[in-house]
Amino acid sequence: MLENTNVKTLDKVVVRFSGDSGDGMQLAGNIFTNVSAGLGNQVSTFPDYPAEIRAPQGSLGGVSGFQVSVGKGVHTPGDNCDVLISMNAAALKQNHRFLKPGGVIIVDIDSFRESDLKKAQYATDNPFEELGIKAQIVEVPVTSMTKAALADSGLDNKSVLKCRNIFALGLVCWLFDRPLDAALRHLHSKFAKKPAVYEANATVLRAGYDYGHNIHASVSTYRVETEDPKPGVYTDINGNTATAWGLVMASEKCGRPLFLGSYPITPATDILHELAKRKDLGVKACQMEDEIAGVCSAIGASFAGNLAVTSTSGPGLALKSEGIGLAVMAELPLVVIDVQRGGPSTGLPTKTEQTDLMQALYGRNGESPLAVVAPASPTDCFTMAFEACRIAVEHMTPVILLSDAFIGNGSSAWRVPEADEYPEIKTPDIPAEKLADHSWHAYDRRDNLGRYWPVGGTEGAAHRLGGLEKDAVTGAISNNPVNHEKMVMLRREKIARIADDIPELELLGDTDADTLLVGWGGTYGHLHSATEELNARGRKVALAHFRYINPLPKNTGEVLAQYKHIIVTELNTGMFADYLQCRYPDARISRINKIQGQPFAVSEIVDRVTKYMEED
Amino acid sequence: MEEIHFTPADYKSDQAVRWCPGCGDHAILNTLQKAMATLGIAPHRTAVISGIGCSSRLPYYMNTYGFHTIHGRAAAIATGYKVANPEMTVWQISGDGDGLAIGGNHFIHAVRRNVDINIILFNNKIYGLTKGQYSPTSARGFVSKSSPYGTTEDPFIPAELVFGARGNFFARSIDVELATSQEVMVAAARHKGTSVVEILQNCVIFNNGIHNPITDREVRAERTITLRHGEKMLFGANKERGLVQDGFLLKAVTIGEDGYTIDDVLVHDAHTPTNFLHQQLAMMDGLGELPLALGVIRDVESPSYEEGVCRQVDEVRARKGFSSLRDMILAGDTWTVTD
């Protein structure tokens, strides 16, 4: 009975599922996340999977992880976990370092046979001692229990073994007091087309839960605090899906159909997957023959009058550079999504980094300014994808959205916006009188310096665009030196004026401080937590987190001038720090950098900021 | 409804044409404007998209929607344009370098997808705008600035690429054959799906006379054959020669000689799905026994890409019936938080 168990009440708890990449850890983790979000917990996830699709079973290279933090005040998936589930010896070896002191490890002891230890390159026959693990270890015969639960199912051995992850999930559901009916509902929708597989998983889920119940004497259970969120309808969403949905919302708000030209690339492909499904909302998502065709088809679609997008990761952005330059020159709206990963070259395809900043800002020939924005969290991907579209259309420019693998794959609970929560996007249609008296030229500009954007087929608006420099007035090809300089400055000023149309920078934390922590994009959760932690320890630190990168918010200089010491924290060698320093040479900027393909740990930010402050 | 007639002048922009005097491009531009007038599609219902190269300047001379893009990418840009706005008639203008070298990948994939665009491929077997380097259609051994000792590589034959990419429309003409050019451009536009029209074009500055062995007035009747669907495959000054089947191959014969009569001469069937004979016809080079084929060589109906995309969108929308993004999200896994 539960009342006999040792129940810990926690604000938030971190669980890490680890196993072979074929063990279904991502599925088990996702279901646990969704069930928790449904209970009113805040959630934040971090899938940490290998680049290899199926490395040899039981090997160190094939270990896949999924970390989730649930509870109250959750901004990140957590640095370390309270509970680690390791489905085999290799997973334990790769993941035990993520366990907090006092945490619990649950292992499938059936996967710690001599051969398993050998595959995971253990030197001795006692893996726990060898790894120096002092934590509470719960040895569960997951494999044999799963087999026993499904002895009468009629399923073959391979299909039975595929249910091991759900046994572990059942156990974790017991541990955290998660209702099984919600987990069953998720399993049902996952296996809707395979009733026998659903039945087997449902049986195993209950078996795992009951097993946990029966061994309660030896484990702590956790009661996790829930947040009182804003009323509304909620769903669990990852950053890539949020990005896709933000684009769809923008299409609804500007009245132009959404076109995606893309090419599969990790970790951005889920955006293509999601938009391919959204034919049910009229989206045309085309998988093209390469990255270049992805951006070029989008440029064609933009010229034809669609809201046009291409999605990619760093190597793909490199391939798209020339196309993006054409969109800069033709002054067409175009949204380019870069879900950043570790580089250079193929780099670390499944891991996160913020190393494409300079490529996004400057990676084209000639003077080719464009707008750059960066979402701060999985759910912010929705808002910033919408913003990228709004800026692209209203200012007639390509916009690069710098997401990353961490927030693209990570998920959070998200309140579905009401229909009127986002503004209308005003398409720059040619005024009727200009069409009527034929006085319109292709490079006529509005107050914000953006061109007009006729839909292909509009009578009276046939015009020619191209990559050659154009006369500022007539739009005809021009080699005139003075005209070229004028056009360069117009294109530059057009981007600068976007600053009038974006929110100012907001400060968090203890704003009455001397030290300002600065970040941008996907590191927000960690910086936010670190700031809270530092403030709680009595350190006076404020946080300025940038989501608008080019142009910067108008009050950036004013904000930076208020602080004696600015610490720019980012997952690269200091690109944003350099970018700020050259714009604000008087700012005293220090850096915290990490380039390991992994997100920051809150603790490392706290430690490094503390060190800087102590040196001050 | 009042029928509106267009003249070639309706498709001309106010820009001065800047090609070299004597360049074959002038004739192709004029022919295209005539073909558009014949088709009767309004200039504002037409988009002309090009890459980079001499021929790719063409959109500036048209009074249509036009886009002079980047090197090699016209097919990808035209594909996006057509999918986004299927009501428009879309033309792509490319040269042999733009279309088959840097843009080779987009070219074959456009053809494979069968997106409804009309590709006019100006083939002058040279890079003109960069002043005279060999192109992917230059013959082995061709001497140019970048191959001073002759090339050591074999060329593409555009038709062969089109067939290799499972193309459904291929036609050929010569810049100076105005009537044939206009005829095949009209047929290309009327064909639903990717149409490729290769036009042998003379670069008067860097490769003058490259097509002369076939196109010279004195030899043209003997070295070319103009194919028309349903008509006998006849050529020669007095149509005294014809193509007959010889085993698996084609053979050129003189009617009345060696026992061949007009009844032996093949009748062109551009609409047969099997491309075996089309390919043989397209591969005749006019330099040996067999004449170079002009006219519409293959014109086979097949579902076009953008039609498929639009139909799928309509079907899925009708089936699922979501009115908005919010509607779609609310139909999935959600939970409600109340005050």
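Reader: What order do the strands take in the open sheet of 5 strands in chain A?

Author: A strand here is a DSSP run of E with at least two residues, a helix is a run of H or I with at least four, and both are numbered from the N terminus. Two strands pair if DSSP finds at least two bridges between them. In this predicted model, the open sheet of chain A has the order 18-20-19-22-23, with mixed pairing. Its edge strands, each pairing on one side only, are strand 18 (507-509) and strand 23 (589-593) of chain A. Direction ignored, neighbouring strands of this sheet are turned by 30° against each other on average.

Reader: In which sense do strand 19 and strand 22 of chain A pair?

Author: Strand 19 (residues 515-520) and strand 22 (residues 565-570) of chain A pair in the parallel sense, over 4 bridges. A:Leu517 stands opposite A:Ile567 in strand 22 of chain A.

Reader: Which helix of chain A lies across strand 19, strand 22 and strand 23?

Author: Angles are taken between N-to-C directions and run from 0 to 180 degrees; axes are lines fitted to C-alpha atoms, for helices over the stretch in contact. Helix 21 (residues 575-583) of chain A lies across those strands, at about 145° to strand 22 of chain A.

Reader: How is the numbering done, and what must a feature pass to be listed?

Author: Residues are numbered from 1 along each chain as its sequence is written, and chains are lettered from A and ligands numbered from 1 in the order in which they are written. In this predicted model local features need pLDDT of at least 70 and side-chain atom pairs count only at pLDDT 80 or more, while totals for chains, interfaces and linings use all residues.

Reader: What is the mean pLDDT of chain A?

Author: pLDDT is the predictor's confidence in each residue, from 0 to 100. For chain A the mean is 93, and 96% of its residues reach 70 or more. Over residues 1-5 of chain A, pLDDT stays under 50. Where pLDDT is low, the predicted coordinates should not be read in detail.

Reader: Where is phi positive in a residue other than glycine, A:Glu331 for one?

Author: Phi of A:Glu331 is near 55°, and this residue sits in the loop between helix 13 (314-330) and strand 13 of chain A. Phi of A:Asp177 is near 60°; A:Asp177 is in the loop between helix 7 (164-175) and helix 8 (180-190) of chain A.

Reader: Is A:Glu331 buried or exposed?

Author: A residue is buried if 20 or more other C-beta atoms lie within 10 Å of its own, exposed if 12 or fewer, and partly exposed in between, with C-beta atoms placed from the backbone. A:Glu331 is buried because 24 other C-beta atoms are within 10 Å. A:Asp177 has 13 C-beta neighbours inside 10 Å, so A:Asp177 counts as partly exposed.

Reader: How many residues does each chain bring to the contact of chain A and chain B?

Author: Two residues are in contact if their C-beta atoms, placed from the backbone, lie within 7 Å. The contact takes 55 residues from chain A and 52 residues from chain B. Helix 2 of chain B gives the most to the chain B side, with 8 residues.

Reader: Which strand of chain B pairs with strand 9 of chain A?

Author: Strand 9 (residues 232-238) of chain A pairs with strand 12 of chain B in the antiparallel sense, over 3 bridges. There, A:Tyr234 stands opposite B:Trp335.
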